[in-house]
Amino acid sequence: MLEIESILSHSGPYHLAQKGKQIMLLDELNALTQFHAENSEAYGNILNKTNLKFQAQTLEEVPYLPVQLFKMVDLFSLPDSERFKTLNSSGTTGQQVSRIHIDRYTASLQTKALNVIVRSFLGKNRLPMIIVDFDFLKNRHQFSARSAGTIGFSQFGHHHLYLLDEYMNIRWDELERFLEEFKNQPIFLFGFTFIVWQNFLEELRKQNTSLDLSGSILIHGGGWKKLHEHTVTDQVFKNVLKERLRIDQVYNYYGMVEQVGSIYMQCECGYLHTPDFADVLIRHPHHLKPLPYGESGLIQVLSMLPRSYPGHSLLTEDIGVILGEDDCPCGRKGKYFSVAGRLPKAEIRGCSDTMTST
Ligand SMILES: [Zn+2]
């Protein structure tokens with residue numbers, strides 16, 4: 001059995017402590033670098049031209065691509081006949097979107113990874129589920145990061161209620177019927193952070209309405225940029241959920257379409273956690289050297305999942321800080337960190353700068 005399959009078959013994804021995890025990850029990531037360099041001509045050329053090391057001695061030495069590169073180049077390490085689906089990042093009209101090509105095997109690893117992470121928070125049983133969005137399955141051609149995320153999380157619930165109509169207004173009648181049917185049962189709510197805030201919580205506030213969803217769980221992700229513009233912090237978000245819905249189990253997650261399945265869930269202490277098969281490093285925004293814990297910089301994400309495209313080591317445009325490793329009070333092993341937002345556009349270096357600076 002491959003290392004990744006053995007890890008994904010464990011009952012929880014937060015077991016490995018620093019030393020063992022580093023050795024295992026380094027082996028796996030080196031093998032992925034080698035495989036992608038041999039099978040993706042574009043990736044092989046990038047590595048050759050930049051003298052990046054194929055066989056790293058430390059995680060910091062593992063070559064990385066800037067995540068924006070997937071908006072410019074199609075990178076696929078398998079024959080075209082193996083292409084199972086293509087994921088697109090969400091982007092506003094006119095913006096370039098990432099294209100991530102997935103084969104069946106990578107897709108199955110992504111599903112298993114999401115499963116082992118989310119089950120460790122939600123438990124084994126599926127719960128009645130409210131999706132804080134409109135039913136975009138009616139528009140299947142819009143296969144965006146948002147719909148892919150929702151479809152991925154839908155497997156953890158049953159009797160799915162799409163809370164919003166196509167105009168993004170709350171479907172009050174359907175909600176009341178749903179809450180009546182599942183009275184006194186915990187409900188699993190899922191949605192994108194900004195939509196949960198703007199189309200659900202703000203609406204409850206405007207109408208001065210509260211609901212009793214005590215015992216329920218909300219998982220939300222998708223970035224804080226818009227919320228920070230509205231000066232909404234994680235704590236404010238949680239306070240309003242408690243006040244309006246009586247929900248106190250609220251978990252944000254950090255993830256991206258370029259590494260589906262490798263999500264970083266927020267623990268009860270408010271920190272994002274690396275699962276056993278993924279890791280994060282922080283680099284200085286200008287000279288890109290690795291930074292020690294406690295210093296904020298660009299987040300680099302490492303993951304054992306991407307088998308069909310060279311996305312196992314990516315430098316993001318997000319700013320974050322690692323707070324520690326293996327000693328979070330919640331008991332989970334691995335690094336824990338927080339994300340502060342995105343680097344302002346003007347400060348983002350070009351792809352070519354990033355690739356030649358190591
Ligand atoms: Zn924790």
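This briefing covers a zinc site, its cysteines and one glycine. The model is predicted: local features need pLDDT of at least 70, side-chain atom pairs count only at pLDDT 80 or more, and totals for chains, interfaces and linings use all residues. Residues are numbered from 1 along each chain as its sequence is written, and side-chain values use heavy atoms, with hydrogens and water left out.

**Zinc site**
- C267 (SG), H273 (NE2), C328 (SG) and C330 (SG) coordinate the zinc ion at 2.1 to 2.3 Å.
- Donors are N, O and S atoms within 2.8 Å of the metal (3.2 Å for Na, K and Ca); water is not among the atoms, so sites may look incomplete.
- The site is tetrahedral, with angles of 101 to 116° among its four donor atoms; four donors count as tetrahedral if all angles lie between 85 and 135 degrees.
- Along the chain, the donors follow the spacing C-x5-H-x54-C-x1-C.
- C267 lies in the loop between β9 (264–266) and β10 (272–273), and C328 in the loop between β13 (313–325) and β14 (335–342), so the pair ties together parts 61 residues apart in sequence.
- Strands are DSSP runs (E, at least two residues) and helices likewise (H or I, at least four), numbered from the N terminus.

**Cysteines**
- C267 and C328 are both buried, meaning under 20% relative accessible area, with exposed over 50% and partly exposed in between (1.4 Å probe, protein chains only).
- C267 has 1% relative accessibility.
- C330 counts as partly exposed, at 23%.
- The structure holds zero disulfides (pairs of cysteine sulfur atoms within 2.5 Å).

**Glycine 223**
- G223 lies in the loop between β7 (217–221) and α8 (225–229).
- G223 is partly exposed, at 38% relative accessibility.
- The C-alpha atoms of G223 and Y253 are separated by 8.7 Å, with the residues 30 apart along the chain.

Key: Tetrahedral: all angles 85-135°; square planar, octahedral: opposite > 155°, others 65-115°.
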